[in-house]
Every structure is written in structure tokens, then in C-alpha cells.
Amino acid sequence: MTQSQPESTTTTSDPSSRSTEFVAVQGGGETTSAASLLIAAYAVMWGLVFAFVFLSWRRQARVETRISELEKAIAAGGADGSGRQ
Amino acid sequence: MTGTKDKLFYGLLALTAAIFVYLIGYIFLATPLAQLQAGGLAQKIFYFHVPAAYAMYLCGAVCCISSGLYLYSPTDTRDAAARAGADCAVVFGAMVLASGPLWAKKAWGVYWTWDPRLTTTLLSVLVFVSVVMLRAFAGNGEAERKFASALGVLGVVTLPIIHYAVVMWGGNHPTVITKTGGGLRHPAMTHALMVGFLAMTLLAGLLVWCRTRLTLSLSRVARLEEQAIATGQID
């Protein structure tokens, strides 16, 4: 299958002006917004703290429930001598 | 918790929250921008980043001391405090390792480089992660507790190395608040950092307290389950 080459519509008139290789440069300008980095840092730090507190609180609540269940079971067993959970 | 402990806990919690609100307001409204080489606006990460690193040291010290005491004379409270110290050291270490690269992107142009302080901080956090993983997945027997305690004592050895890494091996990290550094050249910057240290100390104390209480509750569940199984109340 042959395909005819489209006529060039590019605005680059001089092919020799294109990059033919990429070369590392020292001290390239840092363009990332300081404000976005600052907000991201604060969000991540507070996110970590709140996630840790929330997970600890949820686990503590589950453990407290389990303790009261076990204490009830033991107390019931002590009362009638045959209680099973 | 008992009534007095409850009051103390919630009082400290309210005080910590108030100090953090004040600190955030102060950082954004009163502290001046630093020079562009230090990150400009992104330098304001410093007021949480450095105190979080300090809080990691504190929690690591709690883990080390409690682990040492546990190895000397085992009790549930010492084991719980050691475990809580390691848990909190990981959280504060994660805060440091997350906030540092975001600041570094602006100040150094890269998120991560194998700078001596970054590398030693990562290693230290990984030691505490190993303590947490060991306690979470290797059971709660006496041998596991003692092995984790030994690891907790060893973990704290890495903390002075982090601190002196900049002095010993150089690297990209600023030496602003070391003996050879020029210090913070504005009173508002110094004030914000000092308040940051206070706030993070209180936060570290509260988190260690909560985690110690949780671990003690878990030990109590284990004992009650043994009792209930022994008396035939549960299978």
C-alpha cells in the first residue's frame, strides 16, 4: 500500500532549528509553584496525623467493646457456671 | 482512663490544638519569606518539618528507654510504651520524609537525593517500621516482645547519626541551626520554630499516650480471652 506524503503544514520553516539531541544543563530553572508544594506538604503532614488518630481511635473503640463482651461472658459464666459465648 | 487522667488528657489535647492553630496563623501571617535559595515560600515547611523530626527523636527515645526497661524487667506497661514509641516514630518519620522532598523540590530542584541526612533518616524510619511490623505480624509472645525491644534499643543508635550526618559528611541539607550555622535571621522565624517544637512535643506526648493505652487494652483482651477459654466461656 502506498501512501502519499501530505504536504507540510508545519509552521517550522527551518528544519535545522529543531533539537537533534537533548543535553543536560546545570541549574535549570525550578518552575514548580512554591505555594502548591507548601499546601501539599501541610496536607500530607496533617493527613498522616489525622489518619493515625482516626485509626487508633477506631481500634480502641473495637477493643473496648471486646473487653466488655469478654467481661460479661466471664461474669455470666461465673454466675451460672455454664455460660458459653 | 480514670477521671483525673481523662481531664489531663483532654486538657492537653485542647492546649495542643490551640497551639497548632496559633502556630499555623503565625507562620502564614507573621513569619517573613526566606531567600529563594532556601525555597522562598516553600521554606515555611521548615516550621513543621524540623519539629516533626525532633518529635521522631522523642518517640524513638521513648521506644529505646521503654525497650531497655522491658529487657531489664518485663511489664505490660513497658512493652506498650516501647510499641507506642515505635508507632509514633514511624508517623513522625513519615511526616519528615513526606514534607522534606516537597521543600527540596523548590530549594534543590529535586524531590530526592541521596544526601547523608536524608539517607540516615530513611534508614532510621525503616528500623522503626521493622519494630512495628514485627509486633504486628510476629505474635505477642515473650520472645517476640524481647526481640522487638532489642531492635527498639538499636533503632535509637541511628538517631544521633542523622543529627550529625550534616557535620560529618556534608550534603545538601542546610546547617542553619547547627553550631556552625548562621541561625534564623529574623525573630519571627525563631519564635515560629520554638512554638513548633512545643506543639510537636505535646502532640508526640498525646499520641504516645493514646497508643500506649491501646496496646495495654490489647494485652487485657488477650488475658481475658485466655481466662474465658480456660473457664469454657468461649471456644
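**Figure 1. The buried residues of helix α6 of chain B pack against α2 and α4 (116-137) of chain B.** This is a predicted model, in which local features need pLDDT of at least 70, side-chain atom pairs count only at pLDDT 80 or more, and totals for chains, interfaces and linings use all residues. Residues are numbered from 1 along each chain as its sequence is written, while chains are lettered from A and ligands numbered from 1 in the order in which they are written. Helices are DSSP runs (H or I, at least four residues), as strands are (E, at least two), numbered from the N terminus. Look along α6(B), residues 158-169, for buried B:L159, B:I162 and B:V166. Down the helix axis these buried residues fall within an arc of 65°, so they line one face of α6(B); the arc is that of the directions from the helix axis to the C-beta atoms. On the other side of α6(B) you will find B:P160, B:V167 and B:M168 exposed. A residue is buried if 20 or more other C-beta atoms lie within 10 Å of its own, exposed if 12 or fewer, and partly exposed in between, with C-beta atoms placed from the backbone. Just after α6(B) comes B:G170, with a positive phi of about 70°.

**Figure 2. Helices α3 (residues 76-107) and α7 (residues 187-230) of chain B pack at an angle of about 130°.** Their axes, lines fitted to C-alpha atoms over the stretch in contact, are 8 Å apart. Angles run from 0 to 180 degrees between N-to-C directions. The pair is oblique, the class left over once angles under 35 degrees (roughly parallel), over 145 (roughly antiparallel) and 65 to 115 (roughly perpendicular) are set aside. Residues making the contact include B:A84, B:C88 and B:F92 of α3(B), and B:L207, B:R211 and B:L216 of α7(B). Two residues are in contact if their C-beta atoms, placed from the backbone, lie within 7 Å.

**Figure 3. Chain B meets chain A through 33 residues of chain B and 28 residues of chain A.** On the chain B side, α2 (46-72), α3 and α7 each supply at least two residues. Helix α7(B) gives the most, with eleven residues. By class, this side of chain B has 18 nonpolar, nine polar and six charged residues. Here Ala, Val, Leu, Ile, Met, Phe, Trp, Tyr, Cys and Pro count as nonpolar, Asp, Glu, Lys and Arg as charged, and the others, Gly among them, as polar.
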